[in-house]
There are 2 protein chains.
Amino acid sequence: MINVAVLGFGTVGAGVAEVLEKNGALIAGRLGEDVRLKYILDIRDFPDSPFGHLVIHDFSLIEQDPEIDVVVETIGGASVAWEYTRRALAAGKHVVTSNKELVAVHGAGLLQLAREKNVNYLFEAAVGGGIPVLRPIQQCLAANEIEEIYGILNGTTNYILTRMVHAGVSFGEALREAQSLGYAEQDPTADVAGYDACRKICILADLAFGRELPPEQVPTEGISDIALEDVTLVERAGWRVKLLGRAVRGVDGRVSAYVAPHLIHERHPMAGVADVFNAVLVRGNAVGEVMFYGPGAGKLPTASAVVADVIDAARHRTKRKEIGWAPWDAAAAGDPQALPMRLYLRTAAGRARVEEVFPGSEILAEAEEIALITPRMARCEAEKRAAGLRPCAKLCVLG
Amino acid sequence: MINVAVLGFGTVGAGVAEVLEKNGALIAGRLGEDVRLKYILDIRDFPDSPFGHLVIHDFSLIEQDPEIDVVVETIGGASVAWEYTRRALAAGKHVVTSNKELVAVHGAGLLQLAREKNVNYLFEAAVGGGIPVLRPIQQCLAANEIEEIYGILNGTTNYILTRMVHAGVSFGEALREAQSLGYAEQDPTADVAGYDACRKICILADLAFGRELPPEQVPTEGISDIALEDVTLVERAGWRVKLLGRAVRGVDGRVSAYVAPHLIHERHPMAGVADVFNAVLVRGNAVGEVMFYGPGAGKLPTASAVVADVIDAARHRTKRKEIGWAPWDAAAAGDPQALPMRLYLRTAAGRARVEEVFPGSEILAEAEEIALITPRMARCEAEKRAAGLRPCAKLCVLG
């Protein structure tokens, strides 16, 4: 019998309780023992919930209960969640979380603490919600040098960009729609400014390249400046606009990472990733390119990943899984401005001027303004030249 | 130090040697010990290969060498490979394979033998080549009741179907092209008749539903009868033709499986899977739909999955991974003809007759012939009614 305590009875916490209840018999069959939800820690009471009788308000009951094997942290943020996670690990309990902020910012220290206490700290649900991503990268691609990893890591922004294409509405209108459907927060900054995608690409890079990448080191651009005009124009030319987090390992072993909206060609497997879905593509030196696709958020999908980690923690109770990465090292970090890249530009500068500044460009459309894709060159060089064209729109191009 | 013997120095065997060599330092770092390729068993000698000095011709040297921890079987087929696999397991060695035929036909017995000998029998590379599929299904989706699984499981047929669309060539012409590129065998039957996809959907169903599904129980249709006319016509109407292996768990828990070409809507995430790429979609009762995409074959991609299994076997040397399924039971099998489905039909019967037989059909094109998609109903019922229209073409429709 595995005893579990859930911290935080919000959407994901409630989903974990529901999955443990609904699929309990099946999980017990696969694991060879029962998984029992013993406590739910929250500030509030939930008298109407079928799990209301499990709700407690004092974390020390969990910390001090020798029966509790696994603590599931679904509080979010990096304050209370950080304290409780440290205390749970220090008390010798395995911890499973969906909290990307905590893992991105304090993951290295928490994994170190877990190592000292010989317990597991697992966080599959922190990236890509229900999509299996972190474990496949670590286990199934273990024979590969990872060369690059990128993804559509935020469902809210992908929903907004999809609506701009499919419904022909502006960014602001699509955002209000997302808010009314509960896909976007009332303060949507963390999503639309790219901060959420930034935390996720950091966690992916930590694992894939074995070295900490702190979010504040990652240049991050959001989608709020994207004009409907550009989304529509590039769509007609066979491209989609997607917000990507991307990390690339250079031949010198240095890793360059950034978050920015990109043009993706319609024949790329990620072009069809619509609405709130996420996808992560990994390029390894043996496997080539593999992609993982699915629901990047949501109550039951996220709970699916959390409960899989609970099962994995139980299976590795005595022999913990070795997960970790080296500390941040500025000398090991590459410069994302030096990555070779093509840029999309829309400019009122004339054709002759465009061909002078970017000979060999691909012209997507031409009227009063020209929309073009530059040839491939170091991003800083492309940006420098582009400035001379005073572009009204500028976006990265994938590939 | 982990000592490995590779059986069969064909494409995949050579890829395994190459990956162990190229990424050896990295693998040793991740695993915490070296992996050494000690023997390569083959009938032939390879004097010009950098691994030529490892080649031996007598399996009993491997069987009797107490240093050998892991045997990699890349012989293929179910005769010699079956014998050597049994002898290796019986000798207490972990076995890793890319051999889908052997796993689909004899997997249950070999897993039983592995259990008795307390060793691992792992076969990630047998489905989807380099794509992580089997391990994510078992571990990352362990909290889910799997409801459905389907995929583009054969790269050769997907290449042919992609060429028919993109180059406008007939099946025969696309096949000859695939043969000249080495994507199709000189005798392409196993691929184009769907047998290869059948073995793979059987392995996926074995694992996802926990019960053996023998290939001979799975109705299997290939792609050789598909006319360019239909591929082109449905493309214009927003559909793609893909060969799918599909297994569905009914509400009564019975599993129905079949292999057949399907129309897939262009907005489906699998519609963009082109050329020799594969993809597997899994629907779980918590996670919803997740998809895995990547190279379904090839030297290094397949070797990537094989070597990941070697690493996993090494990690689970003392505590083996519990993998297995219940024996085939006709009473637990569903009838694929009873699955609700829409059919695509092209027929010279007039509009009035079509509307009489299938009221509410979606008409894709209308000239001398009508191309339509029927409403959803049990497949046997749709087939019965369709016979009355004497269709010149008939295909399944996904969704």
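The model is predicted: local features need pLDDT of at least 70, side-chain atom pairs count only at pLDDT 80 or more, and totals for chains, interfaces and linings use all residues. Residues are numbered from 1 along each chain as its sequence is written, while chains are lettered from A and ligands numbered from 1 in the order in which they are written.

**The sheet in chain A**
- Six strands of chain A make an open, parallel sheet, ordered β3-β2-β1-β4-β5-β6.
- Strands are DSSP runs of E with at least two residues, helices are runs of H or I with at least four, and both are numbered from the N terminus.
- Two strands pair if DSSP finds at least two bridges between them.
- Strands β1 (residues 2-7) and β2 (residues 35-41) of chain A run parallel, joined by six bridges.
- Opposite A:V4 stands A:L37 in β2(A).

**The contact between chains**
- Chain A and chain B each bring 45 residues to the contact, where residues touch if their C-beta atoms, placed from the backbone, lie within 7 Å.
- On the side of chain B that touches chain A, α12(B) gives the most, with nine residues.
- That side of chain B holds 28 nonpolar, nine polar and eight charged residues. Ala, Val, Leu, Ile, Met, Phe, Trp, Tyr, Cys and Pro count as nonpolar, Asp, Glu, Lys and Arg as charged, and the others, Gly among them, as polar.

**Pairing across the chains**
- Strand β11 (residues 288-295) of chain A pairs with β11(B) in the antiparallel sense, over three bridges.
- A:F292 has B:F292 as its bridge partner in β11(B).

Definitions and conventions: Contact = placed C-beta atoms within 7 Å.
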